[in-house]
Amino acid sequence: MKLTIALLPGDGIGPEVIHQAVKILDAISEKYNHTFEYKKADVGAIAIDKTGNPLPDETLEICSSADAILFGAIGDPKYDKDHNATIRPEQGLLRLRKELDLYANIRPVISYDYLIHKSNLKKEIVEGTDFIIYRELTGGIYFGEKKFSEDGKEAIDTCKYTASEIDRIAHLAFKAAKSRRKKLTLIDKANVLVTSRLWRKRVKEISKSYPGVQLNFLYANTAAMQLILKPTQFDVILTENMFGDILSDAASVISGSIGLLASASIGKKTALFEPIHGSYPKAKGKNFANPLAAVLSAAMLLEHFQLIDEAEDIKNAVEKSIELNITTPDLNSTNHFSTTNVGNFLRDFILDDENTFYNKNNIDLGQSTII
Ligand code: IPM
Ligand code: MN
C-alpha cells in the first residue's frame with residue numbers, strides 16, 4: 001500500500017517520540033513492502049516562532065492532501081504563564097481538528113498485565129480493563145462562541161451541539177460497541193445541561209438501530225468516580241468534547257502511564273493519530289520520554305487502513321518491550337532505557353523473527369538489540 005503521511009512533530013517531546021514512530025513505520029514498510037511517504041510540517045509553538053501562526057497555511061495544505069496525519073504534541077510553558085496571549089500553540093491543533101472536520105476522537109484504554117503493579121490503583125481493580133472512549137472533538141464548549149468583556153471583568157464560553165454533530169459520532173460508537181462487548185455508556189450532565197439532554201434524546205433514538213447494544217447513561221461526575229472504582233465495567237464510552245478530555249486523562253492513570261495512550265481522530269476525509277500525552281517540556285530533548293503512545297498511534301493509523309497484521313506486529317513489539325522491561329523511566333525507575341533504545345528494540349523485534357534472543361547490554365550501549 002502507498003500512503004502519504006503528514007508528520008507534525010510539534011513541540012516539547014513531540015519530535016523525539018515521532019522520530020521513533022517513523023522508525024517503526026519504516027520497519028513495517030520494509031517488512032510488508034509498503035511505501036510510506038512522509039511530509040513534515042510545523043504546528044504549535046514552533047510554528048508560532050517561525051511564522052507567527054500556530055497552524056501555517058502550508059501545514060494545513062499538507063494535512064488536507066495527506067492520507068493521514070501523525071501528530072506529536074503541542075504546547076510550551078511560555079504561553080501558560082501569559083494569560084493575555086491571544087495566539088497560543090493549542091489553537092493550531094484545535095483549528096486543524098475543525099478545518100479537517102476530525103469529529104471523532106477515539107482513545108482506547110487497556111491494562112497491560114506486566115504493568116499492573118505500576119498503576120496507582122489496586123491490581124484487582126485494574127486487571128482486565130479494556131474500554132474505548134469516543135470523544136466528540138469539533139463541537140461543544142471548545143468551539144462555541146467566546147466573549148471577553150472590554151473591562152476584563154466578564155468572560156463567556158458557549159456550549160453548543162446540533163443533532164447532526166451528535167448523530168455522526170454516536171453511530172461510530174454504536175458500531176464499535178457492536179463489534180466489542182456490546183455495551184455503550186453515554187456520559188453527560190443531563191441533570192444540568194440542555195446540550196446533554198439533546199445528547200440523551202438523539203443517542204436513545206439511534207440506539208434503536210443497534211438492538212444488540214446495551215445503552216447506559218452516567219453523569220460525568222459519577223463517571224469520574226466509576227472509572228477509578230471499577231474501570232472494567234466500561235466497554236465503549238461516548239461523550240462530548242470537554243468531558244472526553246477530562247475523563248480520558250483520568251483514565252490514563254489506569255494503564256500505569258499516560259505515556260502509553262494513543263488516539264485517533266477521524267473525519268470524513270482524513271484522519272489524525274496522536275498520543276494523548278502533552279508536550280512534557282521538562283523532558284524535551286533529553287531522550288527519556290516514552291515513545292510508546294506515539295508508536296501505538298502509528299499502529300492505530302495502520303489499523304485505519306485495514307493493515308491489521310502490521311498493526312498487530314507493532315502492538316506485539318510494544319507488549320514485548322513492556323514484558324522485558326525495556327522501557328523509559330516513567331515505567332521503569334531502576335534499569336531504564338532511553339527513548340531511542342526503546343524505539344530500536346521495537347524496530348528490531350518487528351524486523352526479526354520470534355526466535356531472536358535479546359541482549360540487554362547491547363541495548364544499554366545503544367547497539368542492535370539482537371544477537
Ligand atoms: C487533548 C489536549 C487538547 C484538548 C489541548 C492541547 C487543546 O488536551 O488532545 O486532549 O484539550 O483537546
Ligand atoms: Mn487532553
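I first looked up the domains: the protein chain of this predicted model divides into domain 1 (1-103 + 267-371) and domain 2 (106-258), with bounds from an automatic or database domain assignment. I noted 24 Å between the centres of domain 1 and domain 2, taken over C-alpha atoms. In contact (heavy atoms within 4.5 Å) are 19 residues of domain 1 and 22 residues of domain 2.

On conventions, I recorded that residues are numbered from 1 along each chain as its sequence is written, and that chains are lettered from A and ligands numbered from 1 in the order in which they are written. Local features need pLDDT of at least 70, side-chain atom pairs count only at pLDDT 80 or more, totals for chains, interfaces and linings use all residues, and side-chain values use heavy atoms, with hydrogens and water left out.

I then turned to ligand 1. Its surroundings are Ile74, Glu90, Arg97, Arg107, Arg135, Tyr142 and Asp245, each with a heavy atom within 4 Å. I sorted this shell into two nonpolar, no polar and five charged residues, counting Ile and Tyr as nonpolar and Asp, Glu and Arg as charged. Domain 1 and domain 2 each supply at least three residues of the shell.

Next I checked polar contacts (N or O atom pairs within 3.5 Å). Oxygen atoms of ligand 1 lie 2.5 Å from a polar side-chain atom of Tyr142, 2.8 Å from one of Arg135 and 2.9 Å from a side-chain N or O atom of Asp245. The protein covers 78% of the 320 Å² of accessible area (Shrake-Rupley method, 1.4 Å probe) that ligand 1 has on its own.

Key:
A polar contact is a pair of N or O atoms within 3.5 Å; within protein, one must be able to donate a hydrogen and the other to accept it, and residues adjacent in sequence count only if both atoms are side-chain atoms.
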